[in-house]
Protein chains: 2
Amino acid sequence: MADSELKVQLLLTGNEIMSGDTVDSNSALIAQRLGEVGIGVYRKVTVGDDVALLQTELAAMVATADLVIVNGGLGPTIDDLTAEILAATAGVSLQEHPQAVAHLQQWCNKRNLELNAANFKQAMLPAGASIVDNPVGSAVGFEMVLGDCRVICTPGVPSELIAMMGDIVDTLAARLQRPPGRNILRLQTFGLGESTAQQIISDNVTDWPQEVDLGFRAGAPQMEIKLTIDNAAATAAQQQCRKTLEQLFGDHIIGEGAVTLPQSVLQLLRQRGASLTTAESCTGGLIASMLTRIPGSSDSFHAGFVTYSNAIKQSVLGVSEKTLSEHGAVSEEVVREMAGGALKRSAADYTIAVSGIAGPGGGTADKPVGTVWLAWGDREHIRTRCLCWPVERSLFQTMIAASALDNVRRLLLGIDEEPRYFAQRGAR
Amino acid sequence: MADSELKVQLLLTGNEIMSGDTVDSNSALIAQRLGEVGIGVYRKVTVGDDVALLQTELAAMVATADLVIVNGGLGPTIDDLTAEILAATAGVSLQEHPQAVAHLQQWCNKRNLELNAANFKQAMLPAGASIVDNPVGSAVGFEMVLGDCRVICTPGVPSELIAMMGDIVDTLAARLQRPPGRNILRLQTFGLGESTAQQIISDNVTDWPQEVDLGFRAGAPQMEIKLTIDNAAATAAQQQCRKTLEQLFGDHIIGEGAVTLPQSVLQLLRQRGASLTTAESCTGGLIASMLTRIPGSSDSFHAGFVTYSNAIKQSVLGVSEKTLSEHGAVSEEVVREMAGGALKRSAADYTIAVSGIAGPGGGTADKPVGTVWLAWGDREHIRTRCLCWPVERSLFQTMIAASALDNVRRLLLGIDEEPRYFAQRGAR
């Protein structure tokens with residue numbers, strides 16, 4: 001967790017956030033920007049646009065926190081209550097603030113708008129409040145100190161909040177005279193679950209340094225491992241933890257930062273001047289789509305085939321009718337011919353082929369829903385493997401597409417060791 | 001706004017939410033689902049994975065609310081604290097819950113996984129708690145009544161929460177013996193922006209009935225229009241509003257409920273016993289992937305081609321070298337040959353082809369980033385159109401893939417009128 005010297009709370013207001021019509025991304029933005037200068041938020045409360053509720057929450061926060069950031073309720077309409085609430089909590093009245101009026105006037109002039117009564121409301125601020133400049137919107141932010149607590153009021157419009165946070169964070173950091181100590185090292189992994197990773201670490205590491213906070217962020221398909229330190233003096237310990245994780249998880253670590261599997265594969269292909277093609281049945285174009293979502297993918301990806309039916313597997317990829325009738329579409333033999341066919345049709349250097357049963361229908365006793373054959377390789381050698389991953393259709397497609405990309409990544413890196421998920425999910 | 005008889009609070013937990021690494025969309029989901037049965041949330045509090053903080057908040061909530069929904073902290077790792085906190089607040093111990101163990105065992109068996117110690121933690125629940133079934137994840141939910149307050153604990157993984165909310169909401173609604181008065185009619189649209197839709201309604205409707213609440217939920221690619229009534233007596237007014245919207249927006253309305261463009265297209269194809277093929281350049285497999293994400297898509301979608309390079313456009317789809325060199329890959333002529341080639345290679349009845357410049361690189365003065373040619377049609381007639389939609393790469397791909405599907409939908413429905421986005425975004 002971040003530095004806990006400064007006790008920070010957030011108060012979010014808005015009926016649209018309470019009803020769920022709007023997902024609140026502002027509080028994440030505020031927390032991230034504060035986190036970058038080592039200021040952690042330990043509590044946030046969200047309530048609708050209700051005077052009594054807002055006043056109760058703000059009073060409780062001011063009594064316990066060093067810093068409260070209020071977000072929302074600065075607009076021109078009657079349900080924008082923040083200035084009124086802050087004035088009441090501080091026991092002062094609302095006054096027309098000359099700087100806020102000047103800002104409004106300028107904002108309207110620039111847009112050829114006339115300043116109307118509704119807008120004027122935005123210049124009525126608690127007596128004694130000082131302005132926080134809003135470079136993009138009509139409503140200024142404002143702040144005041146109540147007892148031991150500083151309260152900063154910010155606009156709910158995300159673009160205005162973003163424009164304002166830089167100054168707010170800089171001012172806070174300068175006030176705190178904070179050395180830039182906090183640092184998060186992120187490792188991206190594929191093929192590890194949160195509980196497995198936690199278990200492996202618990203089983204193998206008895207002396208994890210206290211100054212390095214270990215965190216997981218499970219996602220589909222990747223899981224992020226975070227090593228957070230609050231102080232530059234812990235950098236060596238952080239690097240040591242990183243080495244420990246690399247020893248424990250080896251090639252399940254894709255890379256550092258925010259790297260994704262398709263990015264990693266495309267980068268490895270580019271380094272080798274090589275290209276990749278895809279032959280997809282049950283993933284239905286998802287592998288191609290994951291690759292082509294990345295800018296510059298056209299350097300290494302030129303052709304993808306979605307061959308859903310048996311007839312198309314034959315006519316487009318040259319899979320033989322005999323193979324299909326003898327082994328069925330979800331088989332090692334078919335996926336091998338699909339991989340080879342895609343190489344032939346595309347002139348690519350590397351290939352991925354996938355055929356499986358995504359469900360919910362189509363499963364049999366022999367090949368239940370979740371069964372999938374993967375093939376990957378180059379012109380010399382095509383590898384194959386069967387997995388069984390019986391989860392909901394769209395998650396199945398995501399995990400299988402990622403597994404296919406992960407195997408190409410391993411091939412390009414010359415990793416011989418099998419990933420854990422083959423042992424766990426391997427069907428034969 | 002929702003019915004306020006029942007006082008509901010949410011307690012969200014997770015360091016990743018506090019730090020801003022994850023944007024909390026769960027609380028919006030919970031509020032929305034509760035709102036649909038007339039239950040409003042009036043306060044939510046978010047804290048990190050900290051025993052003391054969680055306990056303070058939960059105790060305060062239990063003392064003032066009728067219902068508390070806790071989200072997060074059910075996982076297998078040491079920072080998952082919800083069961084422990086609830087037990088402490090209730091003054092009971094944690095016990096191995098037989099149903100939770102059985103659920104875990106079954107979950108692992110299905111996936112060929114061995115039950116590990118970390119997983120077992122998820123079956124240790126407060127004594128007296130009852131289980132809330134989790135159809136997709138390893139951690140069950142649980143609930144118990146503390147004094148006058150019911151506490152329901154739900155998982156932080158969004159897919160698991162979604163799978164669980166249906167039952168929770170149904171049970172709550174049944175317990176409240178709420179008359180089924182509240183009703184939300186949802187219309188899915190494509191090609192309309194929120195402000196445009198609002199303007200069209202304001203300009204054309206002067207007598208909108210007060211008992212029908214009009215709401216918008218803008219998404220990519222679709223926008224939802226909601227007509228909410230709180231009382232069954234307003235049903236006729238709701239249906240009248242629906243007719244008004246159908247008159248105003250016509251064929252920009254895809255359908256009712258949660259229908260998506262690929263679902264609508266697949267259903268229309270199935271009704272006609274027809275099939276569709278795709279030839280994608282800049283959308284890179286996204287159209288195929290959107291279609292094949294839908295269960296049963298194999299009935300009407302058998303073949304898709306991702307032809308990113310010129311060479312592949314020639315070899316796989318039979319686009320002529322002359323057309324490519326004379327007109328360039330992003331041209332009416334090329335996209336028309338791509339569409340025809342895909343029909344020929346696949347024996348499908350309908351075809352979609354897309355070629356454009358997704359960016360950020362590759363734009364020219366003549367064909368800036370965001371320029372795209374679409375072709376769609378059948379063996380009789382292929383239609384073409386150029387759009388310019390200069391937004392971020394992945395949003396561009398999403399909107400263009402949806403536009404392509406929307407045009408097939410219009411063709412299948414025999415709609416001759418052009419969609420609004422051609423007038424707004426049409427490049428020539």
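**View 1. The pairing of Asn183(A) with Ile229(A) within a sheet of chain A.** In this predicted model, Asn183(A) has Ile229(A) as its bridge partner in E11(A), where strands (E, at least two residues) and helices (H or I, at least four) are DSSP runs numbered from the N terminus. Helix H9 (residues 235-249) of chain A packs on the sheet and touches E9, E11 and E12 of chain A, its direction making about 155 degrees with that of E11(A); contact here requires that the C-beta atoms of two residues, placed from the backbone, lie within 7 Å. Axes are lines fitted to C-alpha atoms, for helices over the stretch in contact, and angles run from 0 to 180 degrees between N-to-C directions.

**View 2. The open sheet E10-E11-E9-E12 of chain A.** Its four strands pair in the antiparallel sense, two strands being paired if DSSP finds at least two bridges between them. Strand E10 (213-218) and E12 of chain A stand at the edges with a single partner strand each, so one side of each is left without a neighbour in the sheet. Strand E9 (residues 183-190) is joined to strand E11 (residues 222-229) by eight bridges, and in E11(A) the partner of Arg186(A) is Lys226(A). Three bridges pair E9(A) with strand E12 (residues 253-256) of chain A, where Gln188(A) has Gly255(A) as its bridge partner.

**View 3. The packing of helices H10 and H15 of chain A.** Helix H10 (residues 261-271) and helix H15 (residues 393-412) pack at an angle of about 30 degrees, with their axes 9 Å apart; the two are therefore roughly parallel to each other, a term for angles under 35 degrees. Among the residues that meet are Val265(A) and Leu268(A) in H10(A), and Leu405(A) and Arg409(A) in H15(A).

**View 4. The contact between chains A and B.** The contact takes 65 residues from chain A and 69 residues from chain B. Strand E14 (residues 301-307) of chain A and strand E14 (residues 301-307) of chain B run antiparallel and are joined by five bridges, with Phe305(B) as the bridge partner of Phe305(A).

**Notes on the views.** Residues are numbered from 1 along each chain as its sequence is written, while chains are lettered from A and ligands numbered from 1 in the order in which they are written. For this predicted model, local features need pLDDT of at least 70 and side-chain atom pairs count only at pLDDT 80 or more, whereas totals for chains, interfaces and linings use all residues.

Definitions and conventions:
Angles under 35 degrees count as roughly parallel, over 145 as roughly antiparallel, 65 to 115 as roughly perpendicular and the rest as oblique.
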